[in-house]
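User: Could you walk me through the pockets of this protein? I would like to know what lines them.

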Amino acid sequence: MVISSEIESALRGERVRPDFVPASDYISSEFAQLEKERLWPKVWQLVCREEELPKIGDFVTYDICDQSLIIVRSAADRISGYHNVCLHRGRRLTEKTGNVARFHCKYHGWQWGLDGGVVRVLDRDDWKGCAGVTDGDLRLREVKIDTWAGFVFANMDPKAEPLAKFLDPVPSVLGPYEYHKMRFRLYASFKVPCNWKVALEAFDEGYHVAATHPQLLENIGDDYTRSYPQGRHGMFMYPYERAPFGQRSPRLARPPIADLREGIIAHFDLLNRQLPIFYSLRDGSAARRLLTEARADESPGALMGKTLQFQREAAVAEGAGWPALTPEQMKRAGADWHIFPNMITLPYPDGVIVYRSRPDGDNPDSCIYDVWGLERYAPGAEPALNRLFFHGKDDWCGVGSVSIILEQDFFNMEQVQKGMKSYGFPGNRTSPMQETSISNMHRALREEFLFL
(Lines give C-alpha, C1' and ligand atoms only; values in the text may rest on other atoms or scores of the structure.)
Protein backbone atom coordinates (compact mmCIF):
# COMPACT_ATOMS: atom_id res chain seq x y z
CA MET A 1 0.00 0.00 0.00
CA VAL A 2 1.28 3.44 -0.93
CA ILE A 3 0.17 6.07 1.56
CA SER A 4 -0.47 9.47 0.09
CA SER A 5 1.28 12.46 1.59
CA GLU A 6 -2.13 13.95 2.37
CA ILE A 7 -3.24 10.96 4.46
CA GLU A 8 0.09 10.71 6.24
CA SER A 9 -0.04 14.42 6.98
CA ALA A 10 -3.56 14.06 8.39
CA LEU A 11 -2.51 11.17 10.63
CA ARG A 12 0.59 13.07 11.73
CA GLY A 13 -1.55 16.10 12.58
CA GLU A 14 -3.67 14.20 15.07
CA ARG A 15 -2.53 14.59 18.65
CA VAL A 16 -2.34 12.19 21.54
CA ARG A 17 -3.01 13.67 24.97
CA PRO A 18 -3.16 12.01 28.39
CA ASP A 19 -6.94 12.15 27.97
CA PHE A 20 -7.24 11.38 24.24
CA VAL A 21 -6.10 8.84 21.62
CA PRO A 22 -7.37 9.23 18.02
CA ALA A 23 -9.60 6.45 16.69
CA SER A 24 -7.47 6.20 13.54
CA ASP A 25 -4.66 4.64 15.60
CA TYR A 26 -6.84 1.51 15.78
CA ILE A 27 -9.00 1.38 12.66
CA SER A 28 -7.01 3.07 9.88
CA SER A 29 -5.43 0.70 7.36
CA GLU A 30 -2.93 3.46 6.57
CA PHE A 31 -1.93 3.71 10.21
CA ALA A 32 -1.43 -0.06 10.29
CA GLN A 33 0.72 0.22 7.18
CA LEU A 34 2.92 2.83 8.87
CA GLU A 35 3.33 0.48 11.84
CA LYS A 36 4.30 -2.29 9.44
CA GLU A 37 6.93 -0.11 7.77
CA ARG A 38 8.26 1.95 10.68
CA LEU A 39 7.52 0.16 13.96
CA TRP A 40 7.87 -3.59 13.65
CA PRO A 41 11.14 -3.61 11.65
CA LYS A 42 12.75 -1.23 14.18
CA VAL A 43 11.57 -2.32 17.61
CA TRP A 44 12.61 -5.02 20.07
CA GLN A 45 9.76 -7.50 20.38
CA LEU A 46 9.18 -10.59 22.46
CA VAL A 47 9.50 -13.71 20.28
CA CYS A 48 9.64 -16.63 22.74
CA ARG A 49 10.97 -17.92 26.06
CA GLU A 50 14.38 -19.53 26.43
CA GLU A 51 12.71 -22.64 27.82
CA GLU A 52 11.12 -23.16 24.38
CA LEU A 53 14.62 -23.77 22.99
CA PRO A 54 16.25 -26.23 25.41
CA LYS A 55 18.14 -28.34 22.84
CA ILE A 56 20.47 -27.41 19.98
CA GLY A 57 18.33 -27.21 16.85
CA ASP A 58 15.10 -26.29 18.64
CA PHE A 59 13.39 -23.43 16.80
CA VAL A 60 10.35 -21.18 17.00
CA THR A 61 8.84 -19.41 14.00
CA TYR A 62 7.72 -15.87 14.79
CA ASP A 63 5.45 -14.01 12.35
CA ILE A 64 4.74 -10.29 12.42
CA CYS A 65 2.70 -8.66 9.62
CA ASP A 66 4.24 -10.12 6.43
CA GLN A 67 7.63 -10.84 8.01
CA SER A 68 8.70 -14.18 9.46
CA LEU A 69 11.67 -14.95 11.68
CA ILE A 70 13.37 -18.17 12.76
CA ILE A 71 14.55 -18.16 16.37
CA VAL A 72 16.85 -21.15 16.98
CA ARG A 73 19.14 -22.63 19.61
CA SER A 74 22.19 -22.63 17.31
CA ALA A 75 24.64 -23.72 20.03
CA ALA A 76 24.48 -24.65 23.69
CA ASP A 77 25.25 -21.06 24.66
CA ARG A 78 23.72 -19.21 21.72
CA ILE A 79 20.28 -18.31 20.37
CA SER A 80 20.27 -16.98 16.81
CA GLY A 81 17.64 -15.29 14.69
CA TYR A 82 17.24 -15.32 10.91
CA HIS A 83 14.80 -14.02 8.35
CA ASN A 84 12.66 -17.01 7.46
CA VAL A 85 13.29 -17.17 3.73
CA CYS A 86 15.22 -19.32 1.25
CA LEU A 87 17.68 -17.18 -0.70
CA HIS A 88 17.00 -19.13 -3.89
CA ARG A 89 13.34 -18.55 -4.70
CA GLY A 90 11.92 -17.09 -1.52
CA ARG A 91 10.12 -20.04 0.06
CA ARG A 92 9.78 -19.92 3.83
CA LEU A 93 11.98 -22.47 5.55
CA THR A 94 10.07 -23.18 8.77
CA GLU A 95 6.60 -23.17 10.24
CA LYS A 96 5.56 -23.22 13.89
CA THR A 97 8.11 -25.03 16.10
CA GLY A 98 10.41 -28.02 15.89
CA ASN A 99 13.97 -29.29 15.94
CA VAL A 100 16.33 -29.49 12.98
CA ALA A 101 19.97 -30.22 12.26
CA ARG A 102 19.76 -28.05 9.13
CA PHE A 103 17.22 -25.68 7.64
CA HIS A 104 15.93 -27.36 4.50
CA CYS A 105 13.97 -25.70 1.72
CA LYS A 106 11.29 -28.10 0.53
CA TYR A 107 11.11 -26.42 -2.87
CA HIS A 108 14.56 -27.15 -4.36
CA GLY A 109 16.47 -28.66 -1.46
CA TRP A 110 18.86 -25.86 -0.54
CA GLN A 111 20.10 -26.15 3.05
CA TRP A 112 21.60 -23.98 5.77
CA GLY A 113 23.33 -24.81 9.02
CA LEU A 114 22.14 -23.62 12.40
CA ASP A 115 24.81 -20.90 12.20
CA GLY A 116 23.11 -19.50 9.08
CA GLY A 117 25.81 -20.65 6.67
CA VAL A 118 24.77 -22.27 3.38
CA VAL A 119 25.68 -25.97 3.28
CA ARG A 120 23.92 -27.19 0.15
CA VAL A 121 23.00 -25.66 -3.19
CA LEU A 122 21.68 -28.28 -5.59
CA ASP A 123 23.72 -28.23 -8.82
CA ARG A 124 25.72 -25.27 -7.58
CA ASP A 125 27.96 -25.24 -10.65
CA ASP A 126 25.00 -23.83 -12.58
CA TRP A 127 25.89 -20.48 -11.00
CA LYS A 128 29.59 -20.67 -11.79
CA GLY A 129 30.80 -17.23 -12.77
CA CYS A 130 27.66 -15.47 -11.52
CA ALA A 131 27.98 -12.59 -9.09
CA GLY A 132 26.58 -12.70 -5.58
CA VAL A 133 26.57 -16.44 -4.97
CA THR A 134 29.53 -16.88 -2.63
CA ASP A 135 28.98 -18.60 0.70
CA GLY A 136 28.95 -15.17 2.31
CA ASP A 137 26.29 -13.93 -0.11
CA LEU A 138 24.07 -16.91 0.58
CA ARG A 139 24.15 -16.79 4.38
CA LEU A 140 20.75 -16.47 6.00
CA ARG A 141 20.11 -12.86 6.89
CA GLU A 142 20.42 -12.42 10.64
CA VAL A 143 18.32 -10.40 13.05
CA LYS A 144 19.51 -9.13 16.42
CA ILE A 145 18.72 -11.42 19.35
CA ASP A 146 19.02 -10.70 23.07
CA THR A 147 17.49 -12.04 26.25
CA TRP A 148 16.15 -10.73 29.52
CA ALA A 149 14.61 -12.69 32.41
CA GLY A 150 14.19 -15.84 30.33
CA PHE A 151 12.48 -13.94 27.49
CA VAL A 152 13.97 -13.86 23.99
CA PHE A 153 13.66 -10.62 22.04
CA ALA A 154 14.39 -9.96 18.35
CA ASN A 155 15.00 -6.78 16.39
CA MET A 156 15.26 -6.60 12.59
CA ASP A 157 17.16 -3.31 12.69
CA PRO A 158 20.95 -3.88 12.67
CA LYS A 159 21.38 -0.42 14.20
CA ALA A 160 18.93 -1.02 17.04
CA GLU A 161 19.81 0.27 20.50
CA PRO A 162 20.80 -2.43 23.02
CA LEU A 163 17.89 -4.33 24.54
CA ALA A 164 18.86 -3.28 28.08
CA LYS A 165 18.59 0.39 27.10
CA PHE A 166 15.33 -0.20 25.25
CA LEU A 167 13.75 -1.92 28.26
CA ASP A 168 14.89 0.56 30.91
CA PRO A 169 13.59 0.81 33.68
CA VAL A 170 11.79 -2.56 33.44
CA PRO A 171 14.74 -4.85 34.35
CA SER A 172 15.54 -2.96 37.56
CA VAL A 173 11.90 -2.98 38.67
CA LEU A 174 10.80 -6.48 37.66
CA GLY A 175 14.18 -8.22 37.88
CA PRO A 176 13.74 -9.07 41.58
CA TYR A 177 10.74 -11.26 40.68
CA GLU A 178 13.10 -13.75 39.00
CA TYR A 179 11.04 -14.38 35.86
CA HIS A 180 13.97 -16.45 34.57
CA LYS A 181 13.27 -19.07 37.25
CA MET A 182 9.65 -19.51 36.17
CA ARG A 183 8.33 -21.95 33.59
CA PHE A 184 5.19 -22.23 31.47
CA ARG A 185 2.02 -23.19 33.24
CA LEU A 186 -0.11 -22.21 30.24
CA TYR A 187 0.54 -21.19 26.63
CA ALA A 188 -2.58 -20.20 24.71
CA SER A 189 -2.77 -18.24 21.46
CA PHE A 190 -5.93 -16.62 20.09
CA LYS A 191 -6.91 -14.88 16.86
CA VAL A 192 -9.15 -12.04 18.02
CA PRO A 193 -11.28 -9.72 15.81
CA CYS A 194 -9.74 -6.44 16.92
CA ASN A 195 -6.66 -4.30 16.47
CA TRP A 196 -3.57 -5.50 18.33
CA LYS A 197 -3.63 -2.37 20.50
CA VAL A 198 -7.29 -2.81 21.46
CA ALA A 199 -6.45 -6.31 22.71
CA LEU A 200 -3.33 -5.23 24.56
CA GLU A 201 -4.97 -2.24 26.20
CA ALA A 202 -7.71 -4.40 27.68
CA PHE A 203 -4.99 -5.48 30.12
CA ASP A 204 -3.16 -2.16 30.41
CA GLU A 205 -5.47 -0.57 32.98
CA GLY A 206 -7.54 -1.53 35.99
CA TYR A 207 -10.26 1.06 35.40
CA HIS A 208 -12.43 -1.55 33.61
CA VAL A 209 -12.60 -3.99 36.54
CA ALA A 210 -15.71 -2.51 38.16
CA ALA A 211 -17.84 -2.92 35.03
CA THR A 212 -16.21 -5.88 33.28
CA HIS A 213 -15.29 -8.04 36.29
CA PRO A 214 -17.77 -7.02 39.02
CA GLN A 215 -17.25 -10.32 40.83
CA LEU A 216 -13.74 -9.16 41.76
CA LEU A 217 -15.06 -6.18 43.71
CA GLU A 218 -16.10 -8.41 46.60
CA ASN A 219 -12.49 -8.91 47.76
CA ILE A 220 -10.25 -6.65 45.66
CA GLY A 221 -10.12 -3.83 48.16
CA ASP A 222 -10.00 -0.30 46.78
CA ASP A 223 -10.10 -0.87 43.01
CA TYR A 224 -9.20 2.72 42.13
CA THR A 225 -5.88 2.61 40.28
CA ARG A 226 -3.11 5.03 39.32
CA SER A 227 -1.27 4.71 36.03
CA TYR A 228 2.19 6.10 35.31
CA PRO A 229 4.37 6.45 32.21
CA GLN A 230 7.80 4.82 32.51
CA GLY A 231 9.65 6.18 29.51
CA ARG A 232 8.06 4.47 26.53
CA HIS A 233 6.67 1.83 28.88
CA GLY A 234 3.95 2.19 31.51
CA MET A 235 2.43 0.65 34.63
CA PHE A 236 -0.50 0.87 37.01
CA MET A 237 -0.87 0.14 40.68
CA TYR A 238 -3.49 -0.06 43.44
CA PRO A 239 -2.79 2.49 46.19
CA TYR A 240 -5.45 0.85 48.44
CA GLU A 241 -6.22 4.22 50.02
CA ARG A 242 -9.87 3.55 50.89
CA ALA A 243 -9.93 -0.20 51.53
CA PRO A 244 -7.17 -2.82 51.97
CA PHE A 245 -6.57 -5.86 49.78
CA GLY A 246 -9.15 -8.54 50.62
CA GLN A 247 -11.83 -6.04 51.62
CA ARG A 248 -14.92 -5.13 49.60
CA SER A 249 -14.51 -2.32 47.11
CA PRO A 250 -16.03 0.97 48.34
CA ARG A 251 -17.93 1.04 45.02
CA LEU A 252 -20.23 -1.68 46.35
CA ALA A 253 -21.55 0.63 49.06
CA ARG A 254 -21.97 -2.34 51.37
CA PRO A 255 -20.71 -2.96 54.90
CA PRO A 256 -17.06 -4.04 55.01
CA ILE A 257 -16.11 -7.68 55.55
CA ALA A 258 -15.88 -8.24 59.28
CA ASP A 259 -12.97 -10.70 59.07
CA LEU A 260 -10.37 -9.59 56.54
CA ARG A 261 -8.74 -13.01 56.68
CA GLU A 262 -11.78 -14.47 54.95
CA GLY A 263 -11.67 -11.78 52.28
CA ILE A 264 -8.02 -12.45 51.46
CA ILE A 265 -8.64 -16.19 51.20
CA ALA A 266 -11.73 -15.62 49.04
CA HIS A 267 -9.73 -13.45 46.63
CA PHE A 268 -7.13 -16.18 46.00
CA ASP A 269 -9.86 -18.83 45.69
CA LEU A 270 -11.78 -16.76 43.12
CA LEU A 271 -8.71 -16.02 41.00
CA ASN A 272 -7.64 -19.66 41.09
CA ARG A 273 -11.05 -20.57 39.67
CA GLN A 274 -11.57 -17.77 37.16
CA LEU A 275 -8.00 -16.79 36.15
CA PRO A 276 -6.01 -19.98 36.82
CA ILE A 277 -2.76 -18.70 35.31
CA PHE A 278 -1.69 -16.16 37.93
CA TYR A 279 -1.58 -17.29 41.54
CA SER A 280 -0.42 -20.86 42.03
CA LEU A 281 -2.73 -23.37 43.67
CA ARG A 282 -0.34 -23.51 46.62
CA ASP A 283 -0.80 -19.73 47.04
CA GLY A 284 -4.49 -20.30 47.70
CA SER A 285 -3.89 -23.21 50.04
CA ALA A 286 -1.21 -21.33 51.96
CA ALA A 287 -3.50 -18.33 52.48
CA ARG A 288 -5.88 -20.55 54.44
CA ARG A 289 -3.35 -20.68 57.24
CA LEU A 290 -4.54 -17.17 58.12
CA LEU A 291 -7.58 -18.66 59.83
CA THR A 292 -5.48 -20.64 62.31
CA GLU A 293 -2.20 -18.73 62.48
CA ALA A 294 -3.30 -15.08 62.38
CA ARG A 295 -5.77 -13.08 64.45
CA ALA A 296 -8.79 -11.39 62.92
CA ASP A 297 -7.87 -8.12 64.65
CA GLU A 298 -4.41 -7.87 63.08
CA SER A 299 -3.75 -4.93 60.77
CA PRO A 300 -4.24 -5.34 56.99
CA GLY A 301 -0.50 -4.92 56.51
CA ALA A 302 0.28 -7.65 59.02
CA LEU A 303 -2.23 -10.02 57.42
CA MET A 304 -0.80 -9.43 53.95
CA GLY A 305 2.70 -9.97 55.33
CA LYS A 306 1.66 -13.30 56.84
CA THR A 307 -0.07 -14.30 53.60
CA LEU A 308 3.18 -13.81 51.70
CA GLN A 309 5.11 -15.59 54.45
CA PHE A 310 2.84 -18.65 54.26
CA GLN A 311 3.01 -18.67 50.46
CA ARG A 312 6.79 -18.39 50.56
CA GLU A 313 7.05 -21.29 52.99
CA ALA A 314 4.81 -23.44 50.77
CA ALA A 315 6.87 -22.69 47.67
CA VAL A 316 10.16 -23.37 49.44
CA ALA A 317 8.81 -26.61 50.90
CA GLU A 318 8.01 -27.81 47.38
CA GLY A 319 11.49 -26.90 46.17
CA ALA A 320 10.25 -24.07 43.96
CA GLY A 321 12.05 -21.32 45.84
CA TRP A 322 10.92 -17.73 46.36
CA PRO A 323 12.44 -14.41 45.29
CA ALA A 324 14.07 -12.16 47.89
CA LEU A 325 11.56 -9.37 47.35
CA THR A 326 11.20 -6.45 49.73
CA PRO A 327 7.87 -4.70 50.38
CA GLU A 328 9.35 -1.61 48.73
CA GLN A 329 10.19 -3.55 45.59
CA MET A 330 6.69 -5.01 45.39
CA LYS A 331 5.15 -1.57 45.83
CA ARG A 332 7.38 -0.15 43.08
CA ALA A 333 6.40 -2.95 40.72
CA GLY A 334 2.70 -2.34 41.23
CA ALA A 335 0.11 -4.56 39.56
CA ASP A 336 0.75 -4.38 35.82
CA TRP A 337 3.49 -3.34 33.35
CA HIS A 338 3.20 -2.50 29.67
CA ILE A 339 6.55 -3.22 28.02
CA PHE A 340 6.54 -1.30 24.75
CA PRO A 341 5.23 -2.01 22.26
CA ASN A 342 3.24 -5.21 22.64
CA MET A 343 3.87 -6.99 25.95
CA ILE A 344 1.94 -6.82 29.22
CA THR A 345 2.93 -8.56 32.44
CA LEU A 346 1.34 -8.87 35.88
CA PRO A 347 3.98 -9.80 38.47
CA TYR A 348 3.61 -11.88 41.62
CA PRO A 349 6.37 -13.68 43.55
CA ASP A 350 5.12 -17.19 42.79
CA GLY A 351 3.88 -16.66 39.25
CA VAL A 352 3.21 -14.07 36.57
CA ILE A 353 0.96 -13.49 33.59
CA VAL A 354 2.40 -12.37 30.25
CA TYR A 355 0.29 -11.12 27.35
CA ARG A 356 1.64 -10.54 23.83
CA SER A 357 -0.33 -8.93 21.01
CA ARG A 358 0.63 -8.51 17.35
CA PRO A 359 -1.05 -7.73 14.02
CA ASP A 360 -2.67 -10.53 12.05
CA GLY A 361 -1.06 -9.81 8.70
CA ASP A 362 -2.17 -6.47 7.25
CA ASN A 363 -5.65 -6.53 8.77
CA PRO A 364 -6.11 -3.71 11.34
CA ASP A 365 -9.26 -5.46 12.59
CA SER A 366 -7.56 -8.70 13.64
CA CYS A 367 -4.69 -9.70 15.89
CA ILE A 368 -2.89 -12.67 17.39
CA TYR A 369 -3.13 -12.55 21.17
CA ASP A 370 -0.93 -14.84 23.25
CA VAL A 371 -1.61 -15.62 26.92
CA TRP A 372 1.23 -17.09 28.98
CA GLY A 373 1.02 -18.18 32.58
CA LEU A 374 4.44 -18.64 34.22
CA GLU A 375 5.00 -20.23 37.61
CA ARG A 376 7.82 -21.31 39.91
CA TYR A 377 8.40 -25.07 39.99
CA ALA A 378 10.88 -27.35 41.69
CA PRO A 379 13.58 -28.42 39.21
CA GLY A 380 12.20 -31.29 37.16
CA ALA A 381 8.61 -30.69 38.25
CA GLU A 382 7.74 -28.36 35.37
CA PRO A 383 4.80 -29.53 33.25
CA ALA A 384 5.46 -30.36 29.61
CA LEU A 385 4.89 -27.37 27.36
CA ASN A 386 1.54 -27.71 25.61
CA ARG A 387 0.79 -24.88 23.21
CA LEU A 388 -2.93 -24.28 22.68
CA PHE A 389 -4.05 -22.50 19.51
CA PHE A 390 -7.46 -20.90 18.94
CA HIS A 391 -6.83 -19.46 15.47
CA GLY A 392 -9.90 -20.62 13.59
CA LYS A 393 -12.83 -18.31 12.89
CA ASP A 394 -14.56 -17.56 16.18
CA ASP A 395 -12.28 -19.97 18.08
CA TRP A 396 -11.46 -17.06 20.36
CA CYS A 397 -14.96 -17.41 21.80
CA GLY A 398 -13.63 -20.53 23.53
CA VAL A 399 -11.38 -18.48 25.80
CA GLY A 400 -13.79 -19.26 28.62
CA SER A 401 -12.32 -22.75 28.71
CA VAL A 402 -9.07 -21.09 29.80
CA SER A 403 -10.47 -18.33 32.01
CA ILE A 404 -13.84 -16.73 32.79
CA ILE A 405 -12.11 -13.41 33.44
CA LEU A 406 -10.35 -13.51 30.07
CA GLU A 407 -13.69 -14.31 28.43
CA GLN A 408 -15.16 -11.14 29.91
CA ASP A 409 -12.23 -9.15 28.51
CA PHE A 410 -12.25 -10.75 25.06
CA PHE A 411 -15.90 -10.02 24.41
CA ASN A 412 -15.19 -6.36 25.11
CA MET A 413 -12.43 -6.37 22.47
CA GLU A 414 -14.71 -7.37 19.61
CA GLN A 415 -17.30 -4.74 20.52
CA VAL A 416 -14.69 -2.01 20.98
CA GLN A 417 -13.26 -2.60 17.50
CA LYS A 418 -16.73 -2.38 15.98
CA GLY A 419 -17.66 0.67 18.04
CA MET A 420 -14.53 2.63 17.15
CA LYS A 421 -15.68 2.73 13.52
CA SER A 422 -18.72 4.79 14.44
CA TYR A 423 -18.90 8.23 12.84
CA GLY A 424 -19.77 9.43 16.31
CA PHE A 425 -16.47 8.31 17.87
CA PRO A 426 -13.48 10.67 17.47
CA GLY A 427 -11.18 8.72 19.78
CA ASN A 428 -10.52 7.27 23.23
CA ARG A 429 -11.08 9.60 26.16
CA THR A 430 -8.45 7.92 28.31
CA SER A 431 -8.42 8.70 32.01
CA PRO A 432 -5.39 10.90 32.75
CA MET A 433 -5.20 9.22 36.16
CA GLN A 434 -5.99 5.54 35.52
CA GLU A 435 -5.22 4.97 31.82
CA THR A 436 -2.07 7.00 31.28
CA SER A 437 -0.11 3.92 30.28
CA ILE A 438 -2.32 3.63 27.20
CA SER A 439 -2.00 7.21 26.01
CA ASN A 440 1.72 7.13 26.76
CA MET A 441 2.14 4.08 24.52
CA HIS A 442 0.49 5.93 21.66
CA ARG A 443 2.69 8.95 22.27
CA ALA A 444 5.81 6.78 22.05
CA LEU A 445 4.47 4.92 19.03
CA ARG A 446 3.87 8.14 17.14
CA GLU A 447 6.77 10.29 18.32
CA GLU A 448 9.55 7.67 18.47
CA PHE A 449 8.67 5.50 15.47
CA LEU A 450 5.92 6.59 13.09
CA PHE A 451 6.25 10.36 12.86
CA LEU A 452 9.84 11.31 13.71
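**Pockets and their linings**

Analyst: Happy to. In this predicted model, α11 provides the largest share of the lining of the largest pocket, six residues.

User: Which other elements join α11 with at least two residues each in that lining?

Analyst: α11 spans 300–317, and each contributor counted here supplies at least two residues of the lining of the largest pocket. Alongside α11, the contributors are β14 (233–237), α8 (260–274), α12 (327–333) and α13 (404–419).

User: What is the volume of the largest pocket, and which residues are closest to its centre?

Analyst: The volume of the largest pocket is about 1,300 Å³. Its lining has 49 residues, and the closest to the centre are Y238, Y240, F245, G334 and A335.

User: How many residues of the lining of the largest pocket are nonpolar, polar or charged?

Analyst: Sorting that lining by class gives five charged and eight polar residues. The nonpolar residues number 36.

User: Which element gives the most to the lining of the second largest pocket?

Analyst: That pocket holds about 650 Å³ of space, and 28 residues line it, with T61, D63, R358, F389 and H391 closest to its centre. At least two lining residues come from each of β12 (182–192), β17 (351–360), β18 (363–376), β19 (387–390) and β3 (58–64). With five residues, the element that gives the most is β3.

User: And how many residues of the lining of the second largest pocket are charged?

Analyst: Nine residues of this lining are nonpolar and eight are polar. The charged residues of the lining of the second largest pocket number eleven.

Methods:
Residues numbered from 1 in each chain as written. Predicted model: local features only at pLDDT ≥ 70, side-chain atom pairs only at ≥ 80, totals over all residues. Heavy atoms only, no water. 1 Å grid on protein atoms, 1.4 Å probe; cavity = no way out; pocket = protein on both sides within 12 Å on 5 of 7 lines; lining within 4 Å. Points joined across faces, edges and corners; volume = space filled by probe spheres on them. Helix = DSSP H or I, 4+ residues; strand = E, 2+ residues; numbered from the N terminus. Nonpolar A, V, L, I, M, F, W, Y, C, P; charged D, E, K, R; others polar.
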